[in-house]
Amino acid sequence: MRNLLLFLQRYMHILLFLLLEVVSMVLLFTYNRLQTTVFFSTTSSITAGINRMWGDVLAYTTLRKENTRLERENTLLKLQNDALRGLIDEEKHTVTATEERIHEKLFKYPLINAKVTSNENRADRLNHLVIDKGTFHGVQNGMGVVGGGGVVGIVAEASTNYALVIPVTHARSAISCRLRGSNWFGHLSWNGGSKLIAYLDEIPRQAEVRRGMAVETSGYSDVFPAGIFVGNVLAVGSAPDGQSLRLTVHLGTDFTNLRDVSVVKNIYRSETDSLRNHAAFNEGVLTNN
């Protein structure tokens, strides 16, 4: 209370002046029509300006939200547009003779259709692909992968929804292949460089090989059935050991533009594995005896 009295005592003249000013203004605008009109006109202009500024602030804030909504809608429309274009392209796609032959060879095998989500080209030549199907869809390690142009590679690892594929264009890839229409077979490998070129080694020198001959899977493994197209012979040369031929193969699969693939489920694999295990068991029994 004492502080309040000291404050009033110190600023009494100023407070009295302000009070008289307020009283004068009230009397002036209450009993003089002209001044009242000017006062209300001025206050209305000021209020309108403040309301306009506040409206602009609200509009700007709302505009940002609206832009965010529109961006989301545009993204959704683009995705839908891409999906529709993909369906249109599939409808327009003309099935090639190679694709027909692959479908014929895989008629008895269940296929898991997938899309390539990652196609890595590494400097150490250990390239790999990632597809959008995994164990949830039935994909398992060791399954073969094919595309419209022929053999793609082999599944190396599978998670719930994705799988890692070791393609033909991998430094450690080795797929058993043969020359179509013959019993000559060898192993296909990739030495780097172009992703359209691989090499088929271990072909005997007495084999009659011509440029343009088709190279296909031999069927000597549980990964691919026999007869799946791999590529065509581009050139015939000698292997580094000088004892066999090395065939330069132009691959049927364009790994630089690979999108749609199919994982091959070998329905006979469990049966062949059972036979091998049974044979290994019998061999162990005979050895022990």
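What share of the contacts in the chain with a separation of 6 or more comes from residues 24 or more positions apart? Counting a contact as heavy atoms within 4.5 Å, the figure is 57%.

Before I go on, a word on the basis: this is a predicted model, in which local features need pLDDT of at least 70 and side-chain atom pairs count only at pLDDT 80 or more, while totals for chains, interfaces and linings use all residues. Residues are numbered from 1 along each chain as its sequence is written, and side-chain values use heavy atoms, with hydrogens and water left out.

Strands pair if DSSP finds at least two bridges between them, and strand S9 (residues 214–217) is joined antiparallel to S6 (residues 175–179) by 3 bridges, with Val 215 as the partner of Leu 179. S9 is also joined by 3 bridges to S10 (residues 229–238), again antiparallel, and here Glu 216 has Phe 229 as its bridge partner.

Turning to burial, 30% of the 289 residues are buried, that is, under 20% relative accessible area, where exposed means over 50% and partly exposed lies in between, with a 1.4 Å probe and protein chains only. Phe 7, which is found in helix H1 (residues 2–10), is partly exposed because its relative accessible area is 43%.

Definitions and conventions:
Helices (H or I, at least four residues) and strands (E, at least two) are DSSP runs, numbered from the N terminus.
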